[in-house]
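Hi everyone, thanks for making the time. I'd like to walk you through one chain today, so let me put it up on the screen.

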Amino acid sequence: MTDANQLKLAKTEYMLLCDMLDKRNWHYDKDDANLCINVVVTGDDLPMKLTVRIDVERQLVVLHSSMPFEVAADMRIPMAVAVSCANHGMVDGCFDYDSDDGHIVFRMTASFKGSLISGEVFDYMVDVSCSTIDDYNDKFFMVTSQKMSIDKITEYIK
């Protein structure tokens, strides 16, 4: 159950997030009622759609970004290897992969439980997420579109 203090802290974090994006002069869509923003970022190749949500109950900032493609059924097991290789050694964030439907999502979280995180944390989350997503989104797409073998995937992703 959410108490008034949790909600107040979450709303403060949401305002800090919006302020950080405003300072970057980024256009984004706000959902004030759900403490959520959506923004599209242009990378080196594929566009990156970021959703950042303030989770009031768990006192978390949750950033996620779905890959703009689905993995074909015959490439779902090889893609599991690609995602595993990408996640290995990743310091912050990870790729979540559902091998049942071929959906890949990048996810990063930060806790503000009992504290207030700064705009610099939001800067860090967005910068690291965009860099990581931009590094791997085209690689994942190539793995599935070129129907790479497991050996080729491990070499290519690393």
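Let's start with D32 and K30, which form a salt bridge whose closest N and O atoms are 3.8 Å apart. By salt bridge I mean a side-chain nitrogen of Lys or Arg within 4 Å of a carboxyl oxygen of Asp or Glu. D32 is partly exposed at a relative accessible area of 46%, and K30 is partly exposed too, at 47%. For those terms, buried is under 20% relative accessible area, exposed is over 50%, and partly exposed is in between, using a 1.4 Å probe and protein chains only.

Before I go on, a word on what you're looking at: this is a predicted model, where local features need pLDDT of at least 70 and side-chain atom pairs count only at pLDDT 80 or more, while totals for chains, interfaces and linings use all residues. Residues are numbered from 1 along each chain as its sequence is written, and side-chain values use heavy atoms, with hydrogens and water left out.

Back to the charges. How many salt bridges does the rule give? The count comes to 8. Another of them joins D127 and R24, with the closest N and O atoms 2.7 Å apart. D127 sits in helix 3 (residues 119-145) and R24 in the loop between helix 1 and strand 1 (29-31), so this pair ties together parts that are 103 residues apart in sequence. Helices here are DSSP runs of H or I with at least four residues, strands are E runs of at least two, and both are numbered from the N terminus. D127 is partly exposed at 42%, and R24 counts as partly exposed at 22%.

Then there's D96 with R107, a salt bridge at 2.6 Å, N to O. D96 lies in strand 5 and R107 in strand 6 (residues 103-111), so the pair links parts 11 residues apart in sequence. D96 has 30% relative accessibility and counts as partly exposed; R107, at 34%, is partly exposed as well. Salt bridges that share partners also join R24, D123 and D127 into one network.

Now for the overall layout. The chain has 4 helices and 6 strands, running α-β-β-β-β-α-β-β-α-α from the N terminus on. Its C-alpha trace spans about 50 × 35 × 25 Å along the principal axes, and 42% of the 158 residues count as buried.

Which strand would I zoom in on? Strand 3 (residues 48-55) has 6 of its 8 residues buried, so it is largely enclosed by the rest of the structure. On one side, strand 2 (residues 36-41) pairs with strand 3 in the antiparallel sense over 6 bridges, where pairing requires at least two DSSP bridges between the strands. A hairpin of 6 residues joins strand 2 to strand 3, and V40 stands opposite K49 in strand 3.

Strand 3 also runs antiparallel to strand 4 (residues 60-66), with 5 bridges joining them. There, I54 stands opposite V61 in strand 4. The hairpin of strand 3 and strand 4 has 4 residues between the strands, and Q59 in that hairpin takes a positive phi near 55°.

One last stop, at Q6. Is Q6 buried or exposed? Q6, in helix 1 (residues 4-23), is buried, with a relative accessible area of 18%. Thanks, and happy to take questions!
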